[in-house]
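Hi everyone, thanks for coming. I'd like to walk you through one structure today, so please have a look at it before I start talking.

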Amino acid sequence: MEMVDAEAPFLTEHTDDEPVLAGVSDFRGRPVYRSTSGWWRSALFVVVMEVASAFAYYGVSANLITYLTGPLGHSSAAAAAAVNVWSGTATPMPLLGAFVADSWLGRYRSIILAGTLYVMWYAMITLASVLTAQHPSLSGDTSSHPLSLRVAFFYTSLYLIAMVQGADNPNALAFAADQFDPNHPRECAARSSLFNWWYFSLAIGITISVGVVGYIQENLGWGIGFGMLCAIMLGAFIVFFLGTPTYRLYAPTPGAENPFALLARSLAALAQHDNATLSSLLGNQKEYQVEQKEDAVKKEEARGVVRLLSIWAACLAYGVVFAQFMTFFNKQARTLDRRIFGSLELPPAVLQMLGAATTLLFVPIYDRVLVPMLRRMTGSPSGLTLLQRVGTGMTLTLPTMLVAALVEIRRLETTHEHGLVDNADAIVPMCWAWLVPQYVLIGVAGVFAEVGMQEFFYDQMPSELRSLGMALYYSVIGMGNFISGALVSLIDHITNSGGGDSWFADNLNRAHLDYFYWLLAGLSATELALFLRCASTYVYSHKRLR
């Protein structure tokens with residue numbers, strides 16, 4: 001891709017005596033200056049790309065369970081498990097994407113590759129939905145696994161989207177954060193705000209996507225809904241290209257070992273408890289050269305990565321709770337009275353806007369009101385330390401599940417009171433507003449937990465492995481989906497084999513989602529205790545107070 005300086009007229013001119021930024025270049029490998037590169041001017045191009053990515057992804061995922069139980073004819077349990085497994089497919093993908101970016105392609109080229117694949121796969125799922133719509137006989141198939149080439153084609157495109165989404169996410173956020181110099185006070189402060197406003201921007205994309213795309217899919221056609229997502233991704237990809245002259249690209253240290261290979265070697269040494277080697281490498285023997293001392297620093301960084309993994313494991317319950325946001329919360333909403341303004345009926349997926357809308361409201365409050373107030377109270381530059389912020393979000397998952405269980409109990413009682421237990425298609429005379437608290441709670445929890453995890457894993461990871469740090473955050477959500485899917489499948493099998501109704505029966509009026517929510521509340525409480533234990537002993541890798 002060839003560009004000339006005239007293609008970036010919005011850049012300011014640098015002075016002849018302005019120093020170049022060390023270790024940073026533009027896309028052509030030329031040195032760059034602070035005044036003409038990076039900062040918000042560059043990060044915003046990346047934000048546009050990723051807002052479109054979130055818009056497209058949630059345009060698929062928010063209403064996917066409806067598509068699976070409708071046009072594809074899956075049962076409720078099979079559809080919920082399929083959605084969880086599909087979402088969880090992205091679990092190893094952030095690690096793969098981080099490995100490719102940090103070891104070979106770099107973050108910029110990795111995003112270019114992802115953008116190309118996005119457009120291809122969204123075009124593919126559009127075609128798959130059009131082909132399925134031309135053969136409506138599938139809708140009458142009540143099998144959990146309707147077999148056809150058209151369904152296989154749909155699932156292939158669906159999983160390809162999940163894979164590229166997972167691989168792209170850690171690189172995009174890390175690349176945006178790379179546009180801010182951590183050694184420059186103003187840019188360092190701006191980078192901290194980036195994580196808040198990144199989450200805020202994604203919430204905008206998700207809110208619009210859930211509200212608009214869900215309506216289009218159910219009222220104008222699934223092919224039109226998916227096709228719109230493809231067009232939006234193409235436009236955002238072009239916008240990302242326009243920012244190319246402004247981007248800061250960090251070149252690897254000349255002669256440096258592959259960061260993943262070095263990390264693996266360091267972890268192996270730690271696992272073998274080779275204390276003598278580590279002691280020597282740490283510089284206790286003067287005859288060791290500077291290179292060996294630097295290698296010791298890398299092994300100490302490996303110790304830090306091990307500590308990060310314990311925090312990562314303690315955050316998995318959050319991912320399990322978040323998985324319900326797109327599955328059973330949606331199924332609950334479908335049974336309720338969703339009318340507004342008299343006769344206008346909201347699609348179930350539109351209620352997911354409540355979580356995103358909460359984020360839109362709460363992020364500015366947190367960034368502009370709570371942080372300055374907490375900063376004065378705690379003395380921490382960010383108000384709360386990163387782990388305090390994550391812990392607050394994880395604490396909120398407990399009342400989220402408790403409230404969801406109580407609302408489901410009330411819904412089941414209403415079905416009994418009105419004799420609707422055996423009518424699977426009945427609309428329960430209970431207002432959709434009963435679901436507002438659980439959506440609001442999960443939205444507030446995300447502002448604390450997810451933004452905190454993003455900044456924590458980026459900030460605490462060695463600079464060469466920051467895409468891996470972002471991969472750890474995204475894999476929390478992915479693993480949470482896998483764990484949720486496994487729990488649903490296991491519990492469905494156990495409760496079905498007992499002769500009674502499954503907790504996840506197709507007739508939700510005979511199901512027991514309340515039992516499942518109580519179980520998740522207990523899981524959240526247990527994992528919160530583990531998180532507090534790990535966080536209390538964690539030592540931050542940077543000197544400045546986090």
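**Salt bridges, a cavity and one threonine**

Let me begin in helix α15, where E413 and R410 sit three residues apart, about one turn of the helix. Salt bridges with shared partners link R410, E413 and E417 into one network. One of those bridges joins the side chains of E413 and R410, at 4.0 Å from N to O. Keep in mind, please, that this is a predicted model.

How covered are these two? E413 has a relative accessibility of 39%, so it counts as partly exposed. R410 is partly exposed as well, because its relative accessible area is 31%.

Helix α15, residues 386-417, holds another pair: R411 and E408, again three residues apart and about one turn of the helix. Their salt bridge brings the closest N and O atoms to 2.9 Å. Are R411 and E408 buried or exposed? Both are buried.

Away from that pair, R339 bridges to D337, with 2.9 Å between the closest N and O atoms. Searching the whole structure gives eight salt bridges.

Now let's step back to the overall picture. The protein chain has 18 helices and seven strands. Of its 546 residues, 56% are buried. If you take contacts with a separation of 6 or more, 81% of them are between residues 24 or more positions apart. The chain exposes about 22,700 Å², and carbon and sulfur atoms supply 65% of that area.

Several helices contribute at least two lining residues each, among them α1 (39-61), α7 (185-219), α14 and α17 (466-497).

That brings me to my last stop, T359, which lies in helix α14, residues 353-378. Its relative accessibility is 4%, so T359 counts as buried, the cut-off being under 20%. And which residues does T359 touch, leaving aside those up to four places away in sequence? They are Y199, F200, A203, P364, G443 and V447.

That's my tour; I'm happy to take questions.

Conventions: Residues are numbered from 1 along each chain as its sequence is written. This is a predicted model: local features need pLDDT of at least 70, side-chain atom pairs count only at pLDDT 80 or more; totals for chains, interfaces and linings use all residues. Side-chain values use heavy atoms; hydrogens and water are left out. Helices (H or I, at least four residues) and strands (E, at least two) are DSSP runs, numbered from the N terminus. Buried means under 20% relative accessible area, exposed over 50%, partly exposed in between (1.4 Å probe, protein chains only). Contact means heavy atoms within 4.5 Å. Accessible areas come from the Shrake-Rupley method with a 1.4 Å probe; for residues, only the protein chains shown count as cover.
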